[in-house]
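Good morning, and thank you for making time for this presentation. Please look at the sequence and the structure as I bring them up.

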Amino acid sequence: MARTTPKISFEFFPPKTLDASFRLWETARALAPLSPDFVSVTYGAGGTTRKLTHEAVTTINRHYKLNVAAHLTCVEATRAETMDIVQSYADAGIREIVALRGDAPKGQDRFSQHPDGFANSIELIEAIAARGDMTIRAGAYPEPHPDSADTDADVAWLKRKIDAGASSAITQFFFDAETFFRFRDKCVAAGIDAPILPGILPIQGWAGAKRFAASCGTSVPAWAEEAFARAVAQGPEAERALATDICVDLCEKLIDGGVDRLHFYTLNRPEMTQQVCEALGVRARHLDAVA
């Protein structure tokens with residue numbers, strides 16, 4: 001039987017240098033023809049990063065005609081400052097927010113609430129939802145968040161996010177489809193009926209993927225360690241071919257298990273994401289030239 005072609009979405013991050021800017025725009029240009037349901041742009045602590053995110057979001061929306069969801073966190077900002085950012089997005093025609101608590105600022109071990117800021121993602125979601133003009137997406141964790149006791153606690157917290165006003169959730173990346181399915185089953189049992197989009201990481205480099213996994217609590221299975229050890233020893237082409245095959249296989253298993261939406265963490269490098277999407281039957285459409 002032919003697999004259902006999934007809806008797709010992509011995550012980008014804001015550039016900090018001129019070269020990184022060119023990479024982002026080329027990534028957006030390369031992936032726009034795949035007609036993503038939306039694209040998101042990440043966000044970090046500090047005024048400079050906030051400005052970079054805002055510039056990237058508005059530019060992608062304006063020049064590439066993509067539905068953009070802007071990441072927003074509670075880190076190092078007052079409630080008023082945070083809601084001013086929401087208003088600035090609304091003024092620019094942005095109607096989607098990925099609302100997150102955010103990680104600890106650089107140099108700190110744990111998230112610390114600003115004295116006049118939001119304490120967590122639930123408070124942030126409630127405030128944005130009260131406006132009535134934004135689609136809100138939340139984060140979800142198929143394996144325990146570094147600050148969480150266990151997956152059951154993460155499921156209960158996600159239920160509160162949905163009840164607060166989030167209409168869908170995007171998961172942290174994972175290596176095994178069963179990890180997502182177990183989490184999805186727990187969510188259904190908890191009464192969560194909002195769409196949960198599995199976060200997919202096309203592995204651009206094994207060493208970097210392991211560092212990313214360690215930082216966010218994603219477990220690295222022994223089979224992946226062994227497979228990449230062999231591939232890395234054979235050289236970059238073998239490593240890339242393995243990464244592409246693993247990503248396609250994961251997506252196919254998710255689709256066979258009833259998943260109809262996939263969210264790709266592109267790392268502003270479009271080639272592997274393009275290849276995976278094409279392998280899944282996502283076809284590019286012709287786009288008129290953009291300014």
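I begin at one pairing in the strands: the bridge partner of R137 in β6 is S168. Please bear in mind throughout that this is a predicted model. That bridge belongs to the pairing of strand β5, residues 135-140, with β6, which runs in the parallel sense over four bridges. Strand β6 itself covers residues 168-173, and six of its six residues are buried, so the strand is largely enclosed by the rest of the structure.

Let me now step back to the overall fold. The secondary structure of the protein comes to ten helices and eight strands. For 291 residues, a compact globule would have a radius of gyration near 19 Å, and the protein agrees with this, at 19 Å. Taken along the principal axes, the C-alpha atoms fill a box of roughly 55 × 50 × 40 Å. Buried residues account for 51% of the 291 residues. The accessible surface is about 13700 Å², and carbon and sulfur atoms hold 49% of that surface. Of the contacts between residues at least 6 apart in sequence, 80% join residues at least 24 apart.

I turn next to strand β8, residues 261-265. How many of its five residues are buried? Four are, and the strand is therefore described as mostly covered, where buried means under 20% relative accessible area. Strand β8 has two pairing partners that I wish to mention. With β1, residues 7-12, it pairs in the parallel sense over five bridges, and R261 in β8 is the bridge partner of K7. With β7, residues 196-200, the pairing is also in the parallel sense, over two bridges, and here I200 stands opposite F264.

In soluble globular proteins, nonpolar side chains tend to be buried together. In this model, the largest nonpolar core has 86 residues, and those with the most contacts inside it are F10, I128, L158, L254, L262 and F264. Helix α9, residues 236-256, gives the most to this core, with eight residues.

How many disulfides does the model contain? The count comes to zero. C74 counts as buried because its relative accessibility is 0%, and C277 counts as buried because its relative accessibility is 0%.

Finally, I draw your attention to two loop residues. S35 has a positive phi of about 55° although it is not a glycine. It is found in the loop between α1, residues 18-31, and β2, residues 38-41. With 34% relative accessibility, S35 counts as partly exposed. K65, likewise a residue other than glycine, has a positive phi near 55°, and it lies in the loop between α2, residues 47-64, and β3, residues 68-72. K65 is exposed, because its relative accessible area is 66%.

Technical notes
Residues are numbered from 1 along each chain as its sequence is written. This is a predicted model: local features need pLDDT of at least 70, side-chain atom pairs count only at pLDDT 80 or more; totals for chains, interfaces and linings use all residues. Side-chain values use heavy atoms; hydrogens and water are left out. Buried means under 20% relative accessible area, exposed over 50%, partly exposed in between (1.4 Å probe, protein chains only). Two strands pair if DSSP finds at least two bridges between them. A nonpolar core is a set of buried Ala, Val, Leu, Ile, Met, Phe, Trp, Tyr and Cys residues joined through side-chain atoms within 4.5 Å. A disulfide is a pair of cysteine sulfur atoms within 2.5 Å. The radius of gyration is taken over C-alpha atoms; the globule rule is 2.2 Å times the number of residues to the power 0.38. Contact means heavy atoms within 4.5 Å. Accessible areas come from the Shrake-Rupley method with a 1.4 Å probe; for residues, only the protein chains shown count as cover.
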